[in-house]
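Q: I have a sequence and a model open side by side. Please show me how to read the local features one at a time.

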Amino acid sequence: MAWLTLLRDAGYRNPAIFALEYTLVPDARYPIQLEQTVAGYDHVCSIVKDPSRICLAGDSAGATLQLSLLLHLSRSSEPIKRRPGFATLISPWATLVTPKNRDTPSDYLNADSLHLYGRQFAGSQANLKDPLVSPGVCKDRDWWVRASPSGGFCFMYGSEEVFGPEVRDLIALLRRSGCAVRVREEPGQVHAWPVVSLFLADTQGERTKGLRDLTKIITRVIDPQIIQVDGL
């Protein structure tokens, strides 16, 4: 509810957040989670009608599914009509299994455990090479250009997190491809720090800092004075 309040305070008259509850490993593996994400997006589109009003958002594996969704939509029969207006990605797990995912002294994630979960999700070694499973393996610039939301991407992550190197590589690739990319790498912070801060920060200002920063970025892309915003 904190984000809804921030969106209203930013000038959006009737913001709505659609929160997807997808099935976790080991209860399901790919492609179930992507199919659920596509179904959720199609549901939002059936209500909103204009996808440019939609801002995708997700953290960690949720952000990975948003990247997979964008790659999937770009291969649909009418990709331009289906692409959202913006995507805000907090600490995406860009590449599921890679030596670049390494433990750091500060982050609470463990690379070995993550790789175990990643393999369980993929279901096979071959799937780990599929961009719809592990988006960071996609090096096709044209595919990323087609997948880009109309207003581009925003990445927010901590400088000390396990996924940092892969996130930086993906950002660099998107920029070389000509995609609009906004980046907030928070010095000294860990994985999904805007979410972690909601529970562990000492003051109200510190708890909502990440969400407030994201809200400001969204308003620069989706003008609250022109249209309403709906989020997935």
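Predicted model: local features only at pLDDT ≥ 70, side-chain atom pairs only at ≥ 80, totals over all residues.

Q: How many disulfides does a search of the whole structure find?
A: Start with the general idea. A disulfide is a covalent bond between the sulfur atoms of two cysteines. Here the search finds 0.

Q: Are C45 and C138 buried or exposed?
A: Read the relative accessible area: under 20% counts as buried. C45 has 17%, so C45 is buried. C138 has 2% and is buried too.

Q: How much space lies in the second largest pocket, and which residues lie nearest its centre?
A: Take volume, then lining. The volume is about 370 Å³. The lining has 15 residues, and those nearest the centre are Y22, L24, V25, A61 and W93.

Q: How do the lining residues of the second largest pocket divide into nonpolar, polar and charged?
A: The lining holds 10 nonpolar and 5 polar residues, and no charged ones.

Q: How many aromatic pairs are there, and how are the rings of W93 and F163 arranged?
A: A pair of aromatic rings is described by the distance of the centres and the angle of the planes. The count here comes to 3 pairs. In one of them, W93 and F163, the ring centres are 5.5 Å apart and the planes meet at 15°, so this pair is stacked. The cut-off for stacking is an angle under 30 degrees.

Q: Where in the chain do W93 and F163 lie?
A: The pair links distant parts of the chain, 70 residues apart. W93 sits in the loop between β3 (86–90) and α5, and F163 in the loop between β4 (153–158) and α7 (164–176). Both partners are buried: W93 has 9% relative accessible area, and F163 has 1%. W93 also belongs to the residues nearest the centre of the second largest pocket.

Q: Where is T37, and what does T37 touch?
A: Find the element, then the burial, then the contacts. T37 is in helix α2 (residues 32–48). Its relative accessible area is 0%, so T37 is buried. Beyond residues up to four places away in sequence, T37 touches L20, L65 and L69.

Q: What separates Y41 from L69?
A: Y41 lies in helix α2 and is buried, at 0% relative accessibility. Y41 and L69 are 28 residues apart along the chain, and their C-alpha atoms are separated by 8.6 Å.

Q: Is E186 buried or exposed, and which residues is E186 in contact with?
A: E186 is in strand β5 (residues 181–186). E186 is buried, at 13% relative accessible area. Leaving aside neighbours within four places, the contacts of E186 are Y157, G158, S159, W193 and K209. I80 lies 106 residues from E186 in sequence, with 33 Å between their C-alpha atoms.

Q: What is phi at K49 and at S91?
A: K49 has a positive phi of about 75° without being a glycine. K49 is in the loop between α2 and β2 (54–59) and is exposed, at 66% relative accessibility. S91 has a positive phi near 50°. S91 lies in the loop between β3 and α5 and is buried, at 0%.

Terms used:
Residues numbered from 1 in each chain as written. Heavy atoms only, no water. Disulfide = S-S within 2.5 Å. Buried < 20%, exposed > 50% of the residue type's maximum accessible area, 1.4 Å probe, protein only. 1 Å grid on protein atoms, 1.4 Å probe; cavity = no way out; pocket = protein on both sides within 12 Å on 5 of 7 lines; lining within 4 Å. Points joined across faces, edges and corners; volume = space filled by probe spheres on them. Nonpolar A, V, L, I, M, F, W, Y, C, P; charged D, E, K, R; others polar. Helix = DSSP H or I, 4+ residues; strand = E, 2+ residues; numbered from the N terminus. Contact = heavy atoms within 4.5 Å. Phe/Tyr/Trp six-rings, centres within 6.5 Å; stacked < 30°, edge-to-face > 60°.
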